Structures are given as C-alpha cells and as structure tokens.
Amino acid sequence: MSEGFTTRILHSDRRGSVEHGALHKPMHTASAFGYEDAQTLVDVFQGRNPGYSYGRQGNPTTAALETKLTEMEDGIGTVSFSTGMAAIAAVLTTLLREGDHVVSSGFLFGNTNSLFATMNGLGVDVDFVDATDAANVERALRPNTRLVFVETIANPRTQVAALAEIGALCKARGVLYVVDNTMTSPYLFRPKAVQADLSINSLTKYICGHGNALGGAVTDTGLFDWTAYPNISPSYRGIKPAMQGLQQIKKKGLRDMGATLGSEAAHRIAAGAETLSLRMDRACATADALAAQLAAHPKVKRVYHPSLPDHPQHERARALFKRGGALLSFELQDGLDPVRFQNQLRVVISATHLGDNRTLAIPVAQTIYWEMGPERRREMDIADSLIRVSVGIEEPEDLLADFARACDAV
Ligand SMILES: *Cc1c(COP(=O)(O)O)cnc(C)c1O
C-alpha cells in the first residue's frame, strides 16, 4: 500500500542520504564541490556520476526539495528555481524557438502574460484563448504549435480550464502540455492525471505557505516523448529519452540563466511543504464558508469561487480537485468602494501575494490590473469593485466575522 501525501513528505529526507542523522536535509551553502580524484569530477561533469559541481546548478538541499516535489507530482524529475517566474521563463525560453507557436489560456497570471509578450518579441507567436472550453484551444492549434499553456484555477476570477479535454487533445496531436499548478498545488491536483507533460509550481505560494521564501519548480511527469520534440539540442540527445526535456531546462534554463534557488529558501520551502495538506484543508474549507457567506450578503453582487454551485466550472472543479482552492474574489454592489471595504477589515491584511498563512485581500482593478487600463479590464470582466481574497489559516470564525463586519460597515 502506498503511503499518504504527508507521510511521504515528512520521511523523504530520512530516506535519502542522511547526514549526521539529521531529520531535515541540512542547509548546504557551499558554492563549489571538490573531489579527491579528478576523474570523479570529470564523471560528474559528464553525467556518469550524480554528484554536484557548482552551486548554480543546485546543491544537496535544493536536490532534497526537488525529490519531494517529484514525489508530490508523481513525476520523473524536478528542477527548482529562485522564483515561479524563473521556472516559467526557463520552460518557455529553453523549449521554444523563433517561428514556433504557443496556445495559452487567456486567464493568466499577469506576469506570465507579460512574459508571453516578451516571447512574442523574440519571434514566438502566442494565441490567447478561453481555455475553459477545449474547442477554443483546438481551433487555435497550428502545424507549428509546440506548446499549450494553462493554469489550473485562474486568478482572480477562478475560471477552471478544461484540463482533461486539453490534455487529451495535446496527446492526440503530440503537443507539449504545460500546466501551472500553483493555485491548486500538488495536494489538490496532479496535472499528470490530465496528461500534462510539465507541471510548474510557484513554491512561494501554498507549498511554502509562510510567506517567507520565494521559489519555483518544473516537474516532468514522464508522459512526453521528447525524442519527437524538434527543439532539443544535440548535446542532450545522448541521454535517456525521458530526461532530455528536463536536462535542457536545467542546463539552458538554470545553469546558463542562473536563477538558482538558494539553499536557505529551499530549506524554508521544504519545512513549509510538510504541512501543505493541513494548511490547504483548513484554508479551502474556510474559503468555501466565506464564499457562501459573501454570496448571501445583500451588499455583495457576485462571488467567484469553484465551491459555489453557480460557478460555471463547479462540476469540473469537483471532479478534478480535492477541494475548490483557497482563493476567491467578489464584487460589491454598484457604488460601493472596495478600498473603503478593505479598510474596515481588522484581521485580513491589505496586501498582494497569495497562498500565505495569513488572509490577504486586494482591490484588483486599482492594483494588479491597473496597468492594463479600463478597456482591457472591461474585456476581461474585471469590475472596479472586485476584491480578491487569499484565504489563510486563521480560525474560520474570526475571518467570517471580519468580513461580516466590513459588509455591514461599508
Ligand atoms: C505567483 C504566481 C506565479 C509566479 O510565482 P513567483 O514565485 O511569485 O515568481 C506564477 N503563476 C501563478 C499562477 C502564480 O500565482
């Protein structure tokens, strides 16, 4: 019988190479690794020996975290990065070339959207589609489409992509399927279950959870046939076919670009990951209760959370995810000011970021969607009164009372 999610995280270090009996992987801060026999160094460089060479390509602490992420995602390997954006940038810049085409969900983390604009400037064509319907993705595919990119639950409006249908489509067409699993985390959802080839996590969010470290990771699920992918450099064709994609991401994206995860951050993220399931269960249950409370309040116009029966992808979320996620958003009735509303909150903090243990709220149109202007906001259906809430792990009654008070006072 296979062990549970949390048991495996807790005992992962102990089952690896234990140092001095330490139950946590120690924090390795060495930049370089030396060997008594120069041949060993040569073997490390040539990939015949699994040792470490230089800290930019990782160290035992980051490797221990990568092992846990691979387990969590049921993958074949993971490469960690200094941030989630560095992980996404490594995937796109190492696997795409001028003249390639990408289909991406239009409901996208803002910085990923901006990164796609950069890729466009480098000669990669990008089509943004409504990925809640796989037919839109299918229509956008071209002979030179190399990659389809989606998020699991979109931020801030919580749309759920047609994850399984897009997976089947990508498999049938041999297109690489990349899923940003940040909003669900591998505890709520494994992209491998919908035939995703690469799963990306911003470790900064739920996996770390404590808001005290940044990190990102790419996990290969082992489902993609890299021998058929045209953009793998001849230098990496010699290794096991299943590892060719990740090898290129590691060498070109981590070693050459250098956005390496520090060992202190890796250690904090690994400690946070131990309680991922407990934190997620609590925060998601509170988010369900808060969504229901807000939906019933006369000063609230609309609430967006997959747990609500009127959410357009409510059934899909129930079928795919262990829970509906810990992020919700809501619109106040016309004329009510989201800034004033937030100023009534005493427990909830006005802050950007999500996946923190503390509950955070942000007026969306005035902050993270400000730069794109009113017209684009209208197109994306972002109302001026929209407030995004990243639900934390405070006692649920404290949060429900805080929002009830602000609703009454605004
Ligand atoms: C935050 C976030 C990222 C970027 O992660 P960082 O660690 O902040 O760089 C990427 N995708 C999603 C869905 C996110 O929420």
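Analyst: What follows describes the ligand site and then one arginine. This is a predicted model, in which local features need pLDDT of at least 70 and side-chain atom pairs count only at pLDDT 80 or more, while totals for chains, interfaces and linings use all residues. Residues are numbered from 1 along each chain as its sequence is written, and side-chain values use heavy atoms, leaving out hydrogens and water.

The shell around the ligand includes Thr83, Phe109, Glu151 and Lys205; a residue is near a molecule if one of its heavy atoms lies within 4 Å of it. By class, this shell has 3 nonpolar, 6 polar and 3 charged residues. Here Ala, Val, Leu, Ile, Met, Phe, Trp, Tyr, Cys and Pro count as nonpolar, Asp, Glu, Lys and Arg as charged, and the others, Gly among them, as polar. Helix α4 (residues 84-95) gives the most to the shell, with 3 residues; helices are DSSP runs of H or I, at least four residues, numbered from the N terminus.

Among the atom pairs, a nitrogen atom of the ligand is 2.7 Å from an N or O atom in the side chain of Asp180. An oxygen atom of the ligand lies 2.9 Å from a backbone N or O atom of Met85, and a polar side-chain atom of Ser202 lies 2.8 Å from an oxygen atom of the ligand. Taken alone, the ligand exposes 380 Å², and the protein buries 92% of that (Shrake-Rupley method, 1.4 Å probe).

Arg157 lies in the loop between β4 (145-151) and α7 (163-173); strands are DSSP runs of E, at least two residues. Arg157 counts as buried because its relative accessible area is 12%, and buried means under 20%.

Technical notes: Buried < 20%, exposed > 50% of the residue type's maximum accessible area, 1.4 Å probe, protein only. Polar contact = N/O pair within 3.5 Å; in protein donor to acceptor, adjacent residues only side chain to side chain.
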